[in-house]
Amino acid sequence: MSVEVVKPVHGKLPITTPAKGVAGKTGLWRTERPVVDNAKCTRCYTCETYCPVNVIRVEPETGVSIDLEYCKGCGVCAEVCPVKAISMVPEGG
């Protein structure tokens, strides 16, 4: 498993981030997928912070993008979104 490690600065703890795609393109596993309403999105970065597979990016200008090739459809992003801008829909629908 590949993990990016940032060296500690002046006694602070190192920061690690999960590596996307360690198990390959896992998007085929899901039965539901997230759909984002970027008009409702407030760019709070909560979904990006809580995504367990690190496939969500929030850009101030464009909003949320999700890499569906790796998203497993766990629904954490939809659960933590404070404005309910992310909903889960059946895969293929």
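1. Is R43 buried, exposed or partly exposed? R43 counts as partly exposed, because its relative accessibility is 22%, where buried means under 20% relative accessible area, exposed means over 50% and partly exposed lies in between (1.4 Å probe, protein chains only). R43 is placed in the loop between β3 and α1 (46-50). Its phi is near 60 degrees, a positive value in a residue other than glycine. N54, in the loop between α1 and β4, also has a phi near 60 degrees, again positive in a residue other than glycine. Most residues other than glycine have a negative phi.

2. Basis of the note. The model is predicted: local features need pLDDT of at least 70 and side-chain atom pairs count only at pLDDT 80 or more, while totals for chains, interfaces and linings use all residues. Residues are numbered from 1 along each chain as its sequence is written, and side-chain values use heavy atoms, with hydrogens and water left out.

3. Overall architecture. The protein chain has two helices and six strands; these are DSSP runs numbered from the N terminus, helices being H or I of at least four residues and strands E of at least two. From the N terminus on, the order of elements is β-β-β-α-β-β-α-β. Of the 93 residues in the protein chain, 26% are buried. Among contacts (heavy atoms within 4.5 Å) between residues at least 6 apart in sequence, 59% join residues at least 24 apart.

4. The β4 and β5 pair. Strands β4 and β5 run antiparallel and are joined by four bridges, two strands being taken as paired if DSSP finds at least two bridges between them. A hairpin of three residues connects β4 to β5. Within this pairing, V58 stands opposite V64 in β5, and I56 has I66 as its bridge partner in β5.

5. R57 belongs to strand β4 and counts as partly exposed because its relative accessibility is 35%. Not counting residues up to four places away in sequence, R57 touches E48, G63, V64 and S65.

6. The nonpolar core. A nonpolar core is a set of buried Ala, Val, Leu, Ile, Met, Phe, Trp, Tyr and Cys residues joined through side-chain atoms within 4.5 Å. The largest such core has 15 residues, and those with the most contacts inside it are C47, V55, I56, V64 and I66. At least two residues of this core come from each of β4 (56-59), β5 (63-66) and α2 (76-80). V64, leaving aside neighbours within four places in sequence, is in contact with V36, N38, C41, C47, I56, R57 and V58.

7. The cavity. On a 1 Å grid over the protein atoms alone, a cavity is a set of points where a 1.4 Å probe fits but cannot get out, and lining residues have an atom within 4 Å of a point. Grid points are joined across faces, edges and corners, and a volume is the space filled by probe spheres set on the points. The count comes to one cavity of 30 Å³ or more, and the largest cavity holds about 70 Å³ of space. Its lining consists of 13 residues, of which C41, C44, C47, V64 and C81 lie nearest the centre. The lining divides into 10 nonpolar residues, two polar and one charged; here Ala, Val, Leu, Ile, Met, Phe, Trp, Tyr, Cys and Pro count as nonpolar, Asp, Glu, Lys and Arg as charged, and the others, Gly among them, as polar.

8. Two further loop residues. A85 sits in the loop between α2 and β6 (86-90) and counts as buried because its relative accessibility is 4%. Leaving aside neighbours within four places in sequence, A85 is in contact with V35, V36, D37, K40 and C41. A85 and D37 are 48 residues apart along the chain, with 5.0 Å between their C-alpha atoms. L28, by contrast, is exposed, with a relative accessible area of 81%. L28 lies in the loop between β2 (15-18) and β3 (32-36). From L28 to G73 the C-alpha to C-alpha distance is 9.5 Å, although the two are 45 residues apart in sequence.

Definitions and conventions: 1 Å grid on protein atoms, 1.4 Å probe; cavity = no way out; pocket = protein on both sides within 12 Å on 5 of 7 lines; lining within 4 Å.
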